[in-house]
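Colleague: Can you walk me through this one? I'd like to hear what stands behind each label.

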Amino acid sequence: MVTDQKVISIQERLKDQAFEEIEELFYFANEYFGEYLLYLVDDFIETEQIPEKIASSLIPHFISWAVFCHHLPDTKKTILEQYLNSPEYKSRRNPRIHRIISEWKYASPGFYIINEFYGDRLLVVHDVLRMKERLVAIYNEIYHHPGDHDLLLGYLLPAGDGTYSPIIDFFHIPVHHKKEAVHRIIDFYNKKADASDLEFYVHHYPKLLSIVSGALQQ
């Protein structure tokens with residue numbers, strides 16, 4: 001029993017250290033790609049005509065996609081991949097922590113229905129497009145508890161122990177907009193689905209955010 005507790009303690013510590021790296025990643029993104037990210041944000045708001053009130057909540061999720069999923073035009077790599085190859089990261093890379101972080105290259109955002117709460121910050125969600133369940137543990141300092149029937153939008157990262165955690169707090173789509181939002185999202189997915197779910201989100205996530213914005217205005 002003592003050995004099991006030690007293993008759990010080590011796993012928790014590794015997970016905490018891995019997710020602390022997110023702050024360093026976003027600092028790197030701002031330092032080296034800040035102007036490009038601002039260009040992407042401005043283009044997204046203008047092209048998709050996102051109202052200011054909705055944009056203020058959606059933009060952090062757009063930026064998460066731009067850092068973790070969007071391929072830079074000159075290198076065809078993501079900012080995350082650039083960061084993992086940077087001297088800043090390599091100089092302090094811990095192999096056990098890196099095993100967790102390297103899996104984030106294959107993660108992508110999603111839309112989730114809540115199946116069950118196990119506590120204030122532990123819940124089981126169902127991905128409406130991938131048709132899979134995820135056990136989600138919330139470590140974000142800023143966290144707004146969702147309603148039981150809300151639709152959640154977020155970018156879940158594997159934590160190395162079978163659980164997932166969002167990069168930032170979920171975006172909540174209230175129950176009275178949920179049916180319309182799910183219908184539009186699934187309809188778009190069926191028309192545009194690529195060879196893999198990851199490729200779908202690489203190419204179409206900004207449009208999905210625009211669809212969410214439209215559904216919220218109904």
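**Reading the labels**

Modeller: Where pLDDT is low, the predicted coordinates should not be read in detail. This is a predicted model: local features need pLDDT of at least 70, side-chain atom pairs count only at pLDDT 80 or more, and totals for chains, interfaces and linings use all residues. Residues are numbered from 1 along each chain as its sequence is written, and side-chain values use heavy atoms, with hydrogens and water left out.

Colleague: What is the mean pLDDT of the protein chain?

Modeller: The mean is 91, and 94% of the residues reach 70 or more.

Colleague: Why is Gln-49 called exposed?

Modeller: Exposed means over 50% relative accessible area (buried is under 20%, partly exposed in between, with a 1.4 Å probe and protein chains only). Gln-49 has 61%, so Gln-49 counts as exposed. Gln-49 sits in the loop between α1 and α2, with a positive phi of about 55 degrees although it is not a glycine.

Colleague: And what makes Lys-76 exposed?

Modeller: Its relative accessible area is 59%, so Lys-76 gets that label too. Lys-76 is in the loop between α2 and α3, and has a positive phi of about 65 degrees without being a glycine.

Methods: pLDDT is the predictor's confidence in each residue, from 0 to 100. Helices (H or I, at least four residues) and strands (E, at least two) are DSSP runs, numbered from the N terminus.
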